[in-house]
Amino acid sequence: MTQVFSTLPGNMEDMENGTEITEVVLLGLSRNPQVRAALFFIFLAMYLVTVGGNGLIVTLIVIDSHLHTPMYFFLSNLSFIDVCYVTTSVPQMLAHSFTERPTITLGRCLAQMGIALFLAVAECLLLAIMAYDRYVAICSPLRYSLIMSWKVCILLASGLWVSSFLLTIVPAFGMQGRSCGRNVVNHFKCEVQAVLKLACSDTRASGLVMMMTSVFTLVVPFAFILVTYGRIGLAVLHIRSEHGWSKALSTCGSHLAVVGIFYGTTMALYLRPQKKTFTNGEKVTSVFYGVVIPMLNPLIYSLRNRDVKGALWRALSRNRRDNDVMETTNETMVTDFILVGLSEHPRAQAVFFCFLLTAYLISLLGNSLIIILSIVDPRLHNPMYFFLCILSSIDLIITNNTVPEVLANCFLYRPTISFHRCLVQMYIGLFLVSTECVLLAIMAYDRYAAICQPLHYMQIMSWKLCGSLVAASVALSILITLVTVLLQPTDFCGHDVIDHFVCELQSFLKLACSDTRVSQLFMQMSSLLILIPPFGFIVVTYGRIGLAVLRIRSTQGRKKAFSTCSSHLTVVSIFYGAIMIMYLKPQQKSPSEEEKIISVMYGALTPMLNPLIYSLRNRDVKGAFWKAVGRKM
């Protein structure tokens, strides 16, 4: 990602005076203190309305079965994008309102640009998908449920997120520029166009890449929307009844209003000829599509949509109705679950016990040793071993979360686990596995920086950036886990036998007698989100590393580069191979023996192999170990 970093000021050394910039100054919308104070309250109110409105829409769509349709499924995605988009910039802008010299670190500037671009591209594509959904609903109403099946909706949503990731990461490699020490951005956030204007080298190539990306992500979806609504208009003209006209227009009115506002402002900003400096008019346009539109979307969809308003009133009266239902129903309350285990044969259980005990002891000893060595040996105080220490800590907690209980249950005739202990075990496991997925992608980026940018490695991978990356991975995992908790089914109708040796989310959901389609849908979406983008990033990163290694002429240099990456590549292959087979294949009614074995692989075998791989193939770790042993002797 050399080009990505060279796009930003301060990531390149000035050719003339060697000045290196590590932070960017943001001028904001105004320098007048009174104007800043007024803007603070305006943007605070807009941010609260945006988060509250979009959060309410997502909540209503999740809890109200009347809104479990493709239209509202895509609307929930749109609201989720809007909440994430405003959160990338508005809280920082609010914090800068009363700061004399608002600055942002280079790493955070890069992250803000990348996340904002990813979400903007996702919204462009999503609005086109929503237009197609409206076309099918009006032009093929009898076949609507067949054409827009849940499988098709999930594939469209998955394609949306994967395409957005590719359209964000691929053009980034084509952007380049050289800074001359300037670090003042005439904007309230790190906007790509504003940052590119700091470069003193020729940025025509970067501008061309950005223009091509803008055309592809704006013009093509917008043209598709125009064609789609042209077809819808022709279909509406053939409707004879006024009621049919009114229903068709109300179905499309909200979406057309959102499309008109979003595409109008975005195309006005990105498809017109660029000036040398970022004007105040362009900043106002950025405010409009970056803050105002996410606030207007829930207002438009709620004020013009009877289904959403009806869902809101039903939600407000749900507490009274739930109390009535509790009085008239007599369902059995589940307090404990029975774990079937890996096998019912005593000999197989004994073999499984010995294998699992060995794996647990090796994992416990190996990961603890790596953590201790990373702390006590100064030679391991670098970003690579910092991330390795985090990985070992995750593996330790994963194994201690499940393995001791599985070992204790191996020789029990009827192993049980309490309902609350099951939930704790399940959600801790989900949180840790999600964190490890993102962490492995961060470690791949660390290896890229070490091999492709060796002279700037410690500047790029600063301790502040390392801490921020780990914090971001933990925050994303917490968010996914919390949403999963909120979507947890509550009715089990006496079903209490889990066909697994641990409380695993898929097996848990199969026990519920209430509707779990939303929970399963979110599980599929979160699996795609937490697996495909990090894995795709790792593949792209190692592709770049491979090209860089091929340019190394010395055999020793190539060998050193491959040895640096081989350990991480081995861990990635084992972990992602097992977990993608487990969560991305079509689900069966009951888990097979193969699925249980795969769970053992990523839940017990991988945490055992990680310290072995990193210690046996790593001279620094072995050196630190013998140094620690020699010190005691």
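In which helix is Leu479 found? In this predicted model, Leu479 lies in helix 17, which covers residues 463–486, and the close-up views below begin with the surface to which this residue contributes.

**View 1. A nonpolar surface patch made by Phe80, Leu476 and Leu479.** The patch formed by these three residues amounts to about 230 Å². Leu479, a residue of helix 17, has a relative accessibility of 40% and therefore counts as partly exposed, since that class lies between 20% and 50%.

**View 2. Helix 15, residues 419–452, shown along its length.**

**View 3. The start of helix 15, with Ser418 and Arg421.** Here a side-chain oxygen of Ser418 comes to within 3.2 Å of the backbone nitrogen of Arg421. The side chain of Arg421 also takes part in a salt bridge with Glu405, in which the closest N and O atoms are 3.2 Å apart.

**View 4. Salt bridges of Asp133 with Arg134 and of Asp446 with Arg447.** A search of the whole structure finds four salt bridges, among them the two shown here. Side chains of opposite charge can pair when their charged atoms come close. Between Asp133 and Arg134 the closest N and O atoms are 2.7 Å apart; Asp133 has a relative accessibility of 2% and so counts as buried, and Arg134 is buried as well, with a relative accessible area of 6%. The side chains of Asp446 and Arg447 likewise meet in a salt bridge, with 2.7 Å from N to O. Asp446 is buried, its relative accessible area being 1%, and Arg447 is buried with a value of 6%.

**View 5. An open sheet of three strands in the order 2-1-3.** The pairing within this sheet is mixed, and its edges are strand 2 (103–105) and strand 3 (184–185), each of which pairs on one side only. Strand 1, residues 23–26, runs antiparallel to strand 2, and three bridges join the two. Within this pairing, Val24 has Ile104 of strand 2 as its bridge partner.

**View 6. Strand 4, residues 336–339, with its pairing to strand 5 and strand 6.** Strands of a sheet pair through backbone hydrogen bonds, either parallel or antiparallel. Strand 4 pairs with strand 5, residues 416–418, in the antiparallel sense over three bridges, and the bridge partner of Phe337 in strand 5 is Ile417. Strand 6, residues 497–498, runs parallel to strand 4 and is joined to it by two bridges, with Leu339 having Ile498 as its bridge partner in strand 6.

Note on methods: Residues are numbered from 1 along each chain as its sequence is written. This is a predicted model: local features need pLDDT of at least 70, side-chain atom pairs count only at pLDDT 80 or more; totals for chains, interfaces and linings use all residues. Side-chain values use heavy atoms; hydrogens and water are left out. Helices (H or I, at least four residues) and strands (E, at least two) are DSSP runs, numbered from the N terminus. The expected span of a helix is 1.5 Å times one less than its number of residues. A polar contact is a pair of N or O atoms within 3.5 Å; within protein, one must be able to donate a hydrogen and the other to accept it, and residues adjacent in sequence count only if both atoms are side-chain atoms. Patches are made of residues with over 30% relative accessible area and no salt bridge: like charges are joined within 9 Å, nonpolar side chains (Val, Leu, Ile, Met, Phe, Trp, Tyr) within 5 Å. Accessible areas come from the Shrake-Rupley method with a 1.4 Å probe; for residues, only the protein chains shown count as cover. Buried means under 20% relative accessible area, exposed over 50%, partly exposed in between (1.4 Å probe, protein chains only). Two strands pair if DSSP finds at least two bridges between them.
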